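I opened this notebook to look up the salt bridges of one structure. The entries follow the order in which I checked the pairs.

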Amino acid sequence: MLAGYRRALGLTLRGFALRGRAVGPGPGLGVGSGLGLRAVSTSWSPVGAAFDAKQQRGSAPGRETGLFGVPELSCPEGFQEAQDKALQESEQLVQKACSTPPGPEIVKIFDQLSDALCRVADLADFVKIAHPDFAFREAAEEACRNIGTMVEKLNTDVELCQSLRQLLADEVIMNSLDPETRRVAELFMFDFEISGIHLDEEKRKKAVNLNVRILDLCNEFLTGTHLPNKIDKHVLPEHIRYNFTAEGNYLQVAGLHADCPDDLVREAAYKIFLYPNAEQLSRLEELLASRNSLAQLVGYDTFAHRALQGTMAKNPETVTQFLEKLSDQLSKRTQKDFEMMSKMKMKLNPRNSKLMPWDHPYYSGVLRAERYNIDPGLYCPFFSLGACMEGLNSLFSQLLGISLYAEQTQRGEVWSEDVRKLAVVHETEGLLGYIYCDFFQRPDKPHQDCHFTVRGGRLRENGEYQLPVVVLMLSLPPSTRNAPTLLSPGMMENLFHEMGHAMHSMLGRTRYQHVTGTRCSTDFAEVPSILMEYFANDYRVVNQFARHYKTGQPLPKNMVSRLCESKKVCAAADMQLQVFYASLDQIYHGKHPLQKSTTEILKETQEKFYGLPYVPNTAWHLRFSHLVGYGAKYYSYLMSRAVASMVWKQCFAQDPFDRAMGERYRREMLAHGGGKEPILMVQGMLQKSPSVEDFVDALVSDLDQDFETFITDS
């Protein structure tokens, strides 16, 4: 999952700093050329050993630095200094842009301006979420607000926009620009336009006010999606009360308890946690209406039309066509899945066999475990964290010529002593960038696996390349006295997924940080990470690293096969659920005013695209946090998976270590970041332009079982 200030807010405060997630934390963060081969540093060590519980790793001796090597950030107050420097630099760059004649230099100045603001904004965005010290989190939050205010000002700066408009209006100069520079110039102008720069002063003010209100509503709605609901404990039968947190005479219900084997607990959790909240409903309705008003103010029919500009899908009509065709293809398979779940429920609970929405996650898991004898505990000993990291290292080495090395950190460089820093080194190009691995659980740390870009790559004015820096955040269990950190199959797959994002960041060697790495359209950004899941599920890859941490015994092939096939059990129903979510997202961000209430639309859409009945007096959509970060783009997961499936089958299924294909993958897809239209990158990789039908067929064909495995294990 991509994370960060832009994605979390789902707004269009993008102009300069806010297009993607690449930031530069400042001159203190080791900038190197990355252009020539470097000898292996004496401070580097093998990647697997860095995650071995038996190896205690402290900071390197010497002077203390700040977070990510930024000297100012050795204390919370340093954010004020870093922020002031960024704002001062940005003001100078604005003046420079306004006085520079049309030419490629304008694009460079705009990118420097973007980088100057990003240098603080995204670093602060990560710190405000993940730092264990409240003072650091608070200081980072304030820096985010202040940089955001500056971005609002720049997004409506008519003179600044005019300097870019003059460049775009000069056909001779535009035709002389290389494709990446031309695209970046157009993207900057697009960001101005969706912020309302072309409007008169009164309407521009209205656009700014709408943006600010949307920002507030997003934050309020996100908070509301996680708040628990309370109920008088006497309402629930005594024998299930212990499943919930007691608070005096009340019980707190903070989630759906989807894995609980007791049907009554799941039903109670579903009905209580999803009970409508009037304030949250009001926030959602105002958010959707405000987004629609903003979109129409800046010239779009709907918010979905505005959000999908520049994506693979291009427009909401294509998304709707994709979702409807996929739903049609899934319907029979989904019905069979529901029938299997119903039979299982009847077998385990004859008195109440009707399948309900709270049953789907539980009984699909029961079916997987029963049919393929999947016990995660049998797999964990083969997936020690160190072994998994060595497996990734081996795969990247064979496929892309890249090695991962653990690098000793300086005092103050990391926010928790268990964070590891990896240097990413190419066999001929040298150091490509750094990955900070914040992998372990700790109090108050978000329980979400995600990738943050802390600094994006770009070609600097002195000819050196600014190395990208990212953070991968997971929630893995710590090691024990007797065993290293052991991963479940799901954790291992998530590790591969997030490393896919990291490689995209490391290999997106764009000239401009505005389009570096994962700073690309949402429906393309998930392709590299989902593709890594296919590698994680291939025995030839797994066999290179999965060894029992005590005996060294390799993970048996039939265990990997069973695990992969088990994921296809009820997978059609799981995918149908995603179609429902994505369709609801499209309707909410489509034509306004909405024809019915958001709850009535939820009920209708659930019955059309899902199949399990809507439960009266529930409001699942008020817990749908993705409406904030992925507004009108929730379909992106499905479309990205379709592309990843096509790339895997056509390019890597025959040989997952094919170096020629790995180089093609880097050249056609990873290298461009957002500097090339996403569909053109897909065409370059697949050597054809996929249709909506191709996307649908790729997803549906993934559901087909490997009958050799099925028959053998049966």
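I took helices as DSSP runs of H or I with at least four residues, numbered from the N terminus.

The model is predicted, so I note that local features need pLDDT of at least 70, side-chain atom pairs count only at pLDDT 80 or more, and totals for chains, interfaces and linings use all residues. Residues are numbered from 1 along each chain as its sequence is written, and side-chain values use heavy atoms, with hydrogens and water left out.

I found that Asp263 and Arg266 form a salt bridge with the closest N and O atoms 2.5 Å apart; the term requires a side-chain nitrogen of Lys or Arg within 4 Å of a carboxyl oxygen of Asp or Glu. Asp263 is buried at 9% relative accessibility, and Arg266 is buried at 0% (buried: under 20% relative accessible area; exposed: over 50%; partly exposed: in between; 1.4 Å probe, protein chains only).

Next I looked up Asp574 and Arg368, whose side chains meet in a salt bridge at 2.6 Å, N to O. This pair links distant parts of the chain, 206 residues apart: Asp574 is in helix H22 (residues 571-588) and Arg368 in helix H14 (residues 360-372). Asp574 is partly exposed at 26%, whereas Arg368 counts as buried at 18%.

I then recorded one network, in which salt bridges that share partners join Glu89, Asp115, Arg119, Arg458 and Glu461.

Finally, my search of the whole structure gave 41 salt bridges.

How values were computed:
Helix = DSSP H or I, 4+ residues; strand = E, 2+ residues; numbered from the N terminus.
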